[in-house]
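Dear colleague,

Please find below the structure that I am handing over to you. My notes on what was found in it follow directly after.

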Amino acid sequence: MPRILRYAFLALLGLVIIALALPFVIPVDSYRDRIAEEASRTLHRDVVLGGELSLQILPSLQITARDVSLANAEGFGDAPMAEMSEMRVGVKLIPLLSSDVQITEFVLVDPVIRLQQNRRGNNWTFRAPDAPEVAMASSGEGFVRRPGALPFEASFGDVRIENASIYFDDGQQAREITGLTLQVSLPSLDEEASLSGQLTADGERLSFDGSVGSIRGAFEGAQTPLSMRFGGNLVTASFEGMLAESEDFALTGDIDANIPSLRNLAAFAGAEMPPGDRMQAFAARGSVDVAPGTIDLVASSIRFDDITGAGRLTMASGGARPNITGALDLPNLDVTPYLPEQSSGGDTSSGGGIPPWSEDEIDLAGLNLVDADIDLNVGLFEYGDIDIENVALDVVLDRGRLVARLSDFQLYDGRGSVRVVANNRGARPSFSVSAQLADLDALPFLQAAAGFERLTGTGGISLDLQAAGASQAAIMQSLSGNGSFGFNDGAIVGINLAETIRNVNSFFGAQSSPADAETSEEDTEQVEAGAQTQTDFSSLSGTFSITGGRADNSDFSMLSPLLRVGGTGYVDLPSQTLDYRMRPRLVASIEGQGGSSNLRGVEIPVRIRGGFNDVSIGVDTSAVGQSLLSGALSNALGGNSNATRPEDVLRDSLLDAIGLGGDQAPDENSDEATEEADPAQQLLQGLFSRGRDRDDDDSGDDN
């Protein structure tokens, strides 16, 4: 027995000596060409072993090759597809006999890989020049996680890549990864495996590491722990969870992601966002389920720029664009920073106010980036200067067409619903707005919505508008639709219609009483002191239609205990002008309203016109003049016996024009004349009487 052991030991020792001496005895360079030839035949590319080639058999089989290169495919240039300064491969010999691959070392030093693609194909598909092109696998084919997928044993010792460079060029874009280092640890297929490394991609430095509980479990469909972390200037993210038990690579777990700039990340990925300084930061924390083509996120915290909230989002990537669905709860949503930026268009005539409509193109390209169907519950919704509380917002974005529905929201002490559509499917963007607003506090709403500060009261607005165009100016020129409005218990700021009627005395140069003079002085002092002029009303209503940006109204009605006002006119939005005639008529004494005259029934036309920033309001003298001329001609041609002198004809016509005409004035000596004579009528009669007196005096002097 000892002799047998001695012989066995000697035999083993001889084998070890032979294994150690063999690399020195066998001239490795003698089979360099044979190795390269066999590798070239297998890959259908020329493989060149240009540097030193060394072989080691014990303690493990190890081959070292330097200056290795792999030729490029035909039609992709002369530069090698891949090259490296050194490659080392080490494998344990004895475990190979039992199909146990134990790699002691696999090291690539300074590898350079050039990936190219053009109309003829790519350079990373290896096949014989005359071999038929392999058809793409159908969606039902491919790898499936199932038991027995890895029917062997394996372990990695020193597996790493040092300073790798990868270049990609498809003729449209070029990408590069440099400084790639990679370290893999795999004690066995059933133990935890880990991977770590770092790289620079198109100038951005990234680091990564991860681990999986079992490679065998991951490939054979078992539930397996999984951990991943990414870090860099573009994104930091972590995942802690499980590969789910399934045939697909599906996972579930907790995620914490932070993207300092979505714009930088999109640019890095080759999908530039429209110009702007918004759509920057994004952060999310919560649980995530990832399956092929879908990501389902239940977020305990979401942050997008200054918008924060929580909710659920699902993103599907199987279509032409990513599709996002879900629901979010947001305490505050300010969309103003995301509205298309418009230039001021130049200074207005007053140095402020409403600027001209901009000709700058509105960029709606962002509507074509994704499809979405999201329900938002917002505590405070901000749009420009408009604040809306408790908003239920449903947003549907489908192939460039955005539909936003706001239902049952609170707005300036009122309630309302709005539907807005922005359509970027065609060559020219189109828009529509349908809104019903009720019980609004008019002044703050109109201030916020349009910078309009001349109406107070409580009421509602109904709108149904359509437009198309790529700029503010084009939209205003194409605007069409209709609407209505109604307000109660308010005032029109900027004019006192009752005072305007009372001041008809001054308009026609009449003498006023001392009391009136005192009132006028007081009024002047109030105006100089900045007192606000306004016309109170109990109700104000009307409808309008819009064609080509011009809104026409013919049924304006304003009622108050003192006045009845009708109106007709237009607002031309493209030119930012308006021309409106109001017909106020006193229906009660204005005692206590700035005067003691009883002008009941008097109607004085008032005209409001001009530019949006230069509106003038005053007596419509043209309407009075037309009525005066018409009445004068009628009286002259009709032979009115009560007005034979020209000045009498003019007097009577003027009285008719402002509502003071009628039957012949009563005898000045009668009781009716004393009690019922209208001061305004007496004023006008006195005006023309003075003219007669001057004529009589002139006649007497001549005699």
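A nonpolar core, as the term is used here, is a set of buried Ala, Val, Leu, Ile, Met, Phe, Trp, Tyr and Cys residues joined through side-chain atoms within 4.5 Å. Buried means under 20% relative accessible area, exposed over 50%, and partly exposed in between, with a 1.4 Å probe and protein chains only. This is a predicted model, in which local features need pLDDT of at least 70 and side-chain atom pairs count only at pLDDT 80 or more, while totals for chains, interfaces and linings use all residues. Residues are numbered from 1 along each chain as its sequence is written, and side-chain values use heavy atoms, with hydrogens and water left out.

The largest nonpolar core comprises 79 residues. Those with the most contacts inside this core are Leu333, Phe381, Leu393, Leu411, Ile492 and Met582. Strand E20 (residues 386–398) contributes the largest share of the core, 6 residues; strands (E, at least two residues) and helices (H or I, at least four) are DSSP runs numbered from the N terminus. A second, separate core has 11 residues, among them Ala65, Ala82, Met84 and Leu108. In soluble globular proteins, nonpolar side chains tend to be buried together.

Contact means heavy atoms within 4.5 Å. Not counting residues up to four places away in sequence, Leu411 touches Ile386, Asp387, Ile388, Leu437, Leu440 and Phe445.

Glu105 belongs to strand E5 (residues 100–109). Glu105 is buried, because its relative accessible area is 13%. Its side chain makes a polar contact of 3.0 Å with that of Arg88; such a contact is a pair of N or O atoms within 3.5 Å where, within protein, one must be able to donate a hydrogen and the other to accept it, and residues adjacent in sequence count only if both atoms are side-chain atoms. Neighbours within four places in sequence aside, Glu105 is in contact with Gln62, Arg88, Val89, Gly90 and Asp158.

Ala327 lies in strand E18 (residues 323–334) and, at a relative accessible area of 33%, is partly exposed. The C-alpha atoms of Ala327 and Arg312 are 5.5 Å apart, although 15 residues separate the two along the chain.

Two residues other than glycine have a positive phi. For His44 phi is near 60°; this residue sits in the loop between helix H2 (32–43) and strand E1 (47–49). For Asn390, in strand E20, phi is about 50°. Asn390 is partly exposed, with a relative accessible area of 43%.

Yours sincerely
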